[in-house]
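Please look through the model below before reading on. The paragraphs that follow go from strands to side-chain contacts and then to salt bridges.

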Amino acid sequence: MIQRRGDGSDDPRWNILKQPNATCTCCGDPMSALLSFAYSGPDVFPDHALQQENWVLLQEDGDILTEDFCRLDKYRFVRCILELPLLCLDDMLTIGVWGTLSIENFDRYVESFDDGQQEDLGEMFSWLSNPVPPDMPPPIAMSLRPQNDRQRPKLMFSDKDHPLYRPQRDGLSFDQLAELLNSYGHDIMKPSAHH
């Protein structure tokens with residue numbers, strides 16, 4: 001991929017993420033592991049809830065959190081991914097998040113889940129149900145794009161004023177990535193080969 005001059009892709013600090021033994025100074029995790037993390041459920045779902053198998057959703061009533069779905073009162077959620085490309089690396093920051101769906105769209109999504117052909121459902125309106133970044137409380141208006149082959153649907157920012165709208169489209173600069181990871185408690189500015 002050809003990058004324009006001055007877009008941040010030539011920032012030498014990207015090399016921090018390319019070092020195979022580099023670890024986060026705060027937790028000791030490999031730098032590469034910081035590029036993928038997930039929320040266990042929607043922020044409104046009780047933290048102490050146990051995640052159940054997907055089939056429980058169809059067999060039981062009430063509030064349920066499974067590996068892919070969540071039902072809480074009149075609200076419906078699906079597990080999604082939020083991808084933010086990196087300017088210099090052929091990689092993404094991938095955050096596992098939860099998005100809402102209307103009951104009608106949720107039912108359509110669940111019914112088509114096992115056949116793996118969900119792109120035909122088309123884009124759907126969704127509210128991001130986890131704080132990304134952490135100081136930006138949900139809900140945030142999103143576009144949910146179902147994927148085929150039982151891949152998690154992708155969430156795309158709809159609000160052009162959201163601070164991650166342009167980075168999702170154009171790529172995160174090193175400073176934007178560092179600031180975002182720092183908001184989750186990771187410091188990539190001071191790499192350490194050993195923790």
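In which strand is Lys-154 found? Lys-154 is found in strand 8, where helices (H or I, at least four residues) and strands (E, at least two) are DSSP runs numbered from the N terminus. This is a predicted model, in which local features need pLDDT of at least 70 and side-chain atom pairs count only at pLDDT 80 or more, while totals for chains, interfaces and linings use all residues. Residues are numbered from 1 along each chain as its sequence is written, and side-chain values use heavy atoms, with hydrogens and water left out.

Strand 8 covers residues 154-157 and runs antiparallel to strand 7, with four bridges joining the two; two strands pair if DSSP finds at least two bridges between them. In this pairing Ser-143 stands opposite Met-156. Strand 7 (residues 140-145) is also joined to strand 6 (residues 124-128), again antiparallel, by five bridges. There, Trp-127 is placed opposite Ala-141.

Lys-154 itself counts as partly exposed because its relative accessibility is 27%; buried means under 20% relative accessible area, exposed over 50%, and partly exposed in between (1.4 Å probe, protein chains only). Its C-alpha atom is 8.1 Å from that of Ser-143, eleven residues away along the chain. Leaving out residues up to four places away in sequence, Lys-154 touches Ile-81, Glu-83, Ser-143, Leu-144, Arg-145 and Gln-147, contact meaning heavy atoms within 4.5 Å. With Glu-83, the Lys-154 side chain makes a side-chain polar contact of 3.3 Å. A polar contact is a pair of N or O atoms within 3.5 Å; within protein, one must be able to donate a hydrogen and the other to accept it, and residues adjacent in sequence count only if both atoms are side-chain atoms.

Glu-83 is also among the residues that Leu-93 touches, and the list includes Leu-82, Leu-84 and Leu-177. Leu-93, Val-97 and Leu-177 have the most contacts inside the largest nonpolar core, which has 50 residues. Such a core is a set of buried Ala, Val, Leu, Ile, Met, Phe, Trp, Tyr and Cys residues joined through side-chain atoms within 4.5 Å.

Is Asp-68 buried or exposed? Asp-68 counts as buried, because its relative accessibility is 9%. Asp-68 is found in the loop between strand 2 (64-65) and strand 3 (69-72). Its side chain makes a polar contact of 2.2 Å with the side chain of Arg-152. Beyond four places in sequence, the contacts of Asp-68 include Asn-54, Phe-77, Trp-98 and Phe-113.

The whole structure has seven salt bridges, each a side-chain nitrogen of Lys or Arg within 4 Å of a carboxyl oxygen of Asp or Glu. One of them joins Arg-13 and Asp-175 at 2.7 Å, N to O. Arg-13 lies in the segment before helix 1 (15-18) and Asp-175 in helix 5 (residues 174-183), so this pair ties together parts 162 residues apart in sequence.

Asp-114 and Arg-150 meet in another salt bridge, at 3.6 Å, N to O. Asp-114 lies in the loop between helix 3 (103-112) and strand 6, and Arg-150 in the loop between strand 7 and strand 8, so parts 36 residues apart in sequence are tied together. Asp-114 counts as exposed at 63% relative accessibility, and Arg-150 as partly exposed at 44%.

Arg-145 forms a salt bridge with Glu-123, the closest N and O atoms being 3.0 Å apart. Arg-145 lies in strand 7 and Glu-123 in the loop between helix 3 and strand 6, so the pair links parts 22 residues apart in sequence. Salt bridges that share partners also join Arg-166, Arg-169 and Asp-170 into one network.
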